Amino acid sequence: MGDAEGKHAEHWFVKALSHPVRVEILELLNEREASPVEMKRRLGGTLNLINYHLKVLVDCGCVEVSRTEPVRGAIKHFYRAVPRSYFGHSDLREVPASIRGGATELSLRSFSKAFRRAAEAGTVDSEDAILNWMSLAVDELGREKAIELSETVLRGFELIAKQSRERAAAGETPLAPLVVGVAAFDAGGKGAA
C-alpha cells in the first residue's frame with residue numbers, strides 16, 4: 001500500500017472508530033438497516049448527534065443510504081454499513097499501533113456482544129451455525145498462506161454481502177444479520193503447537 005493509500009486508511013479508521021457513538025452505529029448497521037430515528041431509539045442521544053456521527057461514517061465510506069421512503073412530504077433515509085466497514089479490516093495494518101490496539105479491543109468487544117446475543121437466542125448451536133477455531137503449527141510459508149487464505153475468505157464475505165444487498169434492494173429477499181469471523185495471528189510462542 002502506498003503512502004497516500006496508507007494515510008487514507010489511517011484517516012478512515014481514526015475518524016470512524018474515534019467516537020463510541022460511531023462504533024455503536026456501525027455495530028447496529030452491520031446487523032441491520034436503520035433510519036436515524038431508529039438509531040436514536042436504540043442508542044439514545046439526540047437526533048442531531050446521531051445525524052452528525054452518521055455523516056462522518058458516510059464520509060468515511062463505512063455507511064451508505066440503502067433506501068429512501070417518502071414520509072409526509074419529506075424523505076426518510078435508511079442506512080446500512082457497507083461490507084468493508086467490518087472491524088479488523090486489513091487496512092488497519094497501516095494505522096499506528098496505538099490506534100490499532102484500540103480498534104482490536106473494539107472489534108473483540110463487538111464480536112463478544114454479537115456472540116452473547118446469538119447464544120441467548122440459541123442460534124450459535126443451530127444446525128447451520130459454524131463455531132470453530134484451531135491452533136496450528138506452521139512454518140513461515142504456511143503462515144503467509146494462512147494469512148492470504150484469510151484475506152481471500154474476507155473478500156468472499158464482502159462479495160456475498162454486496163450481492164445479498166443487491167438482491168434485497170431489488171425486492172428479491174430480505175436481509176438477516178449473520179456474524180462471520182476470521183482470525184489468523186501468531187500465538188506468541190515458538191515451536192510446535
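E166 and K162 sit four residues apart in helix 6, which means that about one helical turn separates them (helices, H or I, of at least four residues and strands, E, of at least two are DSSP runs numbered from the N terminus). The model is predicted, so local features need pLDDT of at least 70 and side-chain atom pairs count only at pLDDT 80 or more, while totals for chains, interfaces and linings use all residues. Residues are numbered from 1 along each chain as its sequence is written, and side-chain values use heavy atoms, without hydrogens and water.

**Salt bridges**
- The count is six salt bridges (a side-chain nitrogen of Lys or Arg within 4 Å of a carboxyl oxygen of Asp or Glu).
- One of them joins E166 and K162 at 2.9 Å, N to O.
- Another pairs E27 with K113 at 3.0 Å, N to O.
- E27 belongs to helix 2 (residues 20-31) and K113 to helix 5 (residues 97-121), so this contact ties together parts 86 residues apart in sequence.
- R165 and E64 meet at 2.1 Å, N to O.
- R165 is in helix 6 (residues 140-169) and E64 in strand 1 (residues 63-71), so parts 101 residues apart in sequence are tied together.

**Accessibility of the partners**
- E27 is buried at 14% relative accessibility (buried is under 20% relative accessible area, exposed over 50%, partly exposed in between, with a 1.4 Å probe and protein chains only).
- K113 is partly exposed at 31%.
- R165 is buried at 14%, whereas E64 is partly exposed at 33%.

**Cysteines**
- There are zero disulfides (pairs of cysteine sulfur atoms within 2.5 Å).
- The sulfur of C60 has its closest cysteine sulfur in C62, 5.2 Å away, too far for a bond.
- C60 is buried at 7%, and C62 is buried at 2%.
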